[in-house]
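Student: I would like to learn how to read a structure feature by feature. Could you take me through one, giving the general idea and then the case at hand?

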Amino acid sequence: MLGPGKAFDTNKYFVFCANVLGSCYGTCGPTSINPMTGRPYSGDFPLVTVRDSVGLHSRLLVEHLGVREVFAVVGGSMGGMQALEWTFVQEPPVHAAVALACNGKHNAWQIGFSGKKAHAHRLQTNDLFPPHPVVALGASVLRLYRDSLQ
């Protein structure tokens with residue numbers, strides 16, 4: 001899919017792929033060292049949204065790489081949500097977005113489930129909590145899943 005003569009032809013297009021803000025694969029995240037404490041941020045790391053990540057990528061393209069327009073933004077799952085968010089970015093203008101394996105809005109069940117997952121991540125990355133809250137959280141996720149089937 002990526003390379004000369006393929007769908008994402010690198011002879012024709014500049015292909016840009018950046019890490020998600022807060023990811024452990026290149027940007028600062030919960031496992032990064034907090035310079036104020038000398039310890040990992042863990043649960044003290046600020047919440048990061050898809051809009052935050054797209055804003056960072058937009059600034060990187062415009063301010064540091066001099067990009068004036070984007071032909072297409074393509075992403076799947078969370079990347080699909082980023083592709084949708086890119087359609088709201090003013091600079092650089094985006095001509096097309098391909099959002100795969102994602103949705104444009106969430107229903108109440110999805111919001112609740114996402115909240116449970118976020119809570120699990122906060123418990124997992126904050127060493128102030130003993131292990132037992134994770135067990136309680138797991139039980140609540142199972143209840144949420146069971147309730148959705150009824």
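Predicted model: local features only at pLDDT ≥ 70, side-chain atom pairs only at ≥ 80, totals over all residues.

Student: In which sense do strands E1 and E2 pair, parallel or antiparallel?

Tutor: E1 (residues 73-76) and E2 (residues 97-100) pair in the parallel sense, over 4 bridges. Another position to look at is Val74, which stands opposite Val98 in E2.

Student: How do I read the two faces of a strand?

Tutor: Side chains in a regular strand alternate between the two faces of the sheet. In E1, Val73 and Gly75 form the covered face, whereas Val74 and Gly76 form the uncovered one.

Student: What unit do E1, H2 and E2 make?

Tutor: Together, E1, helix H2 (residues 78-86) and E2 make a β-α-β unit, and the unit is right-handed. Read from the N terminus, the order of its elements is α-β-α-β-α-α.

Student: Can we work through single residues? Does Ser53 count as buried or exposed?

Tutor: Ser53 counts as buried, because its relative accessibility is 1%. Ser53 is in helix H1, which spans residues 50-64. Setting aside residues up to four places away in sequence, Ser53 touches Asn19, Val20, Leu21 and Gln82.

Student: And Val50, is that one buried or partly exposed?

Tutor: Val50 has 21% relative accessibility, so it counts as partly exposed. Val50 is also in helix H1. Residues up to four places away in sequence left out, Val50 touches Met78, Met81, Gln82 and Glu85.

Student: How far apart are Val50 and Trp86 in sequence and in space?

Tutor: Val50 and Trp86 are separated by 36 residues in sequence, and by 9.7 Å in space from C-alpha to C-alpha. On the scale of the protein, take the contacts between residues at least 6 apart in sequence: 50% of them join residues at least 24 apart.

Student: Which residues make up the largest nonpolar core?

Tutor: A core is read as a group of buried nonpolar residues whose side chains are joined. Here the largest one has 8 residues: Val54, Leu61, Val67, Val70, Val73, Ala83, Trp86 and Val89. At least two residues of this core come from each of H1 and H2. To follow one member, Val67 is in contact with Leu61, Val62 and Pro92, leaving aside its neighbours within four places in sequence.

Student: How is a pocket found, and how much space lies in the largest one?

Tutor: A probe the size of a water molecule, rolled over the atoms, shows where empty space is left. The largest pocket holds about 1,400 Å³ of space. It is lined by 32 residues, and those closest to its centre are Val48, Thr49, Val50, Met78 and Ala118. H1, H2 and helix H3 (108-125) are the elements that give two or more residues to this lining. H3 gives the most, with 7 residues.

Student: What should I look for in the backbone angles?

Tutor: Most residues other than glycine have a negative phi, and most peptide bonds are trans. Exceptions therefore deserve a look. Ser77, in the loop between E1 and H2, has a positive phi near 60°. Its relative accessibility is 43%, so Ser77 counts as partly exposed.

Student: What is the phi of Ala101?

Tutor: Ala101 is not a glycine either, yet its phi is positive, about 55°. Ala101 is in the loop between E2 and H3, and it is exposed, with a relative accessible area of 71%.

Student: Which residues does a cis peptide bond join?

Tutor: Glu91 and Pro92 are joined by a cis peptide bond, with omega about -5°. Pro92 is in the loop between H2 and E2.

Notes: Residues numbered from 1 in each chain as written. Heavy atoms only, no water. Buried < 20%, exposed > 50% of the residue type's maximum accessible area, 1.4 Å probe, protein only. Contact = heavy atoms within 4.5 Å. Pairing = 2+ DSSP bridges. Right-handed = clockwise from strand over helix to strand, strands pointing away. Core = buried A, V, L, I, M, F, W, Y, C linked by side-chain atoms within 4.5 Å. 1 Å grid on protein atoms, 1.4 Å probe; cavity = no way out; pocket = protein on both sides within 12 Å on 5 of 7 lines; lining within 4 Å. Points joined across faces, edges and corners; volume = space filled by probe spheres on them.
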